[in-house]
Amino acid sequence: MNSESVNIYSVLIAYVYVIIALVISKLTGIKKEKLIFISGFRMTLQLLITAYVLQMVFDNPKAIYTIIILSVMEIFAIYNIRKRSGIKSLHFTKIIALSMVAGSLLCLIYFILIVIKLKPWYNPQYIITLGGMLIGNTMTALTLAINSLTKEIKSQRVKIEGALMLGASPHDAVDENFKNALNASILPTMNSMLGMGIVFLPGMMAGQIISGESPLTAIFYQISIMLGIFGSVVISTFLFLEMARKLLFNKDAQLRLDELE
């Protein structure tokens, strides 16, 4: 299979899947026709715009372009985390941003400079693609961590405040809740790693094989980037939870639920 085998007509034909989903939605009465249509249209529009922008950047590789695109990706990820988690607190927004940027960039820099030794380091064909994978997965993990933490703290408020009154430190009073939030955030990535290669072929590897790359080379890339993603997910989530632990209590060791609003 070569690149000419997939064109605009192929994409239009593939929209039969959306039509099938629309029919099923209508027949079952789940009333998701509008969302299905918007999702398909928005995905197509966003990816077409992305393709043209990336082609322009690939044709004119400059460090400043790569940095700008990565910055936009980070900003959008932070905005998306805040929106999907319902967090409005400025303090929480700051630690979301700090943990997101620190974890994803640390792992990306290590990956391009140490793991694959990319030259030049700002090569957009690699760094934007790899950065997108790390940032996207980290965004999902942080959203899961925040949602899990919020649910746990609110549902177990009485238990936590009871532990505080009995002399437990703020750290100990919410320790189990934070462990559960960390577990919830990294579990999807771990499940992907467990099923990869046997249950399914990941997108990056499949794309390389389809484009004619050696399966072994594709596997080496996939293993490396998956480990980078896992590192970014764990580091960012851990940083967020450790900083969140301090924000949830005032100087008198009282629980501050307003920060989770």
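**View 1. Helices α4 and α6 run roughly parallel to each other.** In this predicted model, helix α4 (residues 63–85) packs on helix α6 (residues 124–155) at an angle of about 15°, their axes 9 Å apart. Axes here are lines fitted to C-alpha atoms, for helices over the stretch in contact, and angles run from 0 to 180 degrees between N-to-C directions. Helices are DSSP runs (H or I, at least four residues) numbered from the N terminus.

**View 2. Here are the residues where α4 meets α6.** Contact means heavy atoms within 4.5 Å. On the α4 side, look for residues including Ile 69, Met 73 and Ala 77, and on the α6 side for Gly 131, Gly 132 and Ile 135, among others. By class, this contact has 12 nonpolar, seven polar and two charged residues; Asp, Glu, Lys and Arg count as charged, Ala, Val, Leu, Ile, Met, Phe, Trp, Tyr, Cys and Pro as nonpolar, and the others, Gly among them, as polar.

**View 3. Helices α5 and α11 are roughly antiparallel to each other.** Helix α5 (residues 90–115) and helix α11 (residues 215–247) pack at about 155°, with axes 8 Å apart; the cut-off for roughly antiparallel is over 145 degrees. Their contact holds 17 nonpolar, nine polar and no charged residues.

**Notes for all views.** Residues are numbered from 1 along each chain as its sequence is written, and side-chain values use heavy atoms, leaving out hydrogens and water. Local features need pLDDT of at least 70, side-chain atom pairs count only at pLDDT 80 or more, and totals for chains, interfaces and linings use all residues.

Key. Helix = DSSP H or I, 4+ residues; strand = E, 2+ residues; numbered from the N terminus. Parallel < 35°, antiparallel > 145°, perpendicular 65-115°, else oblique.
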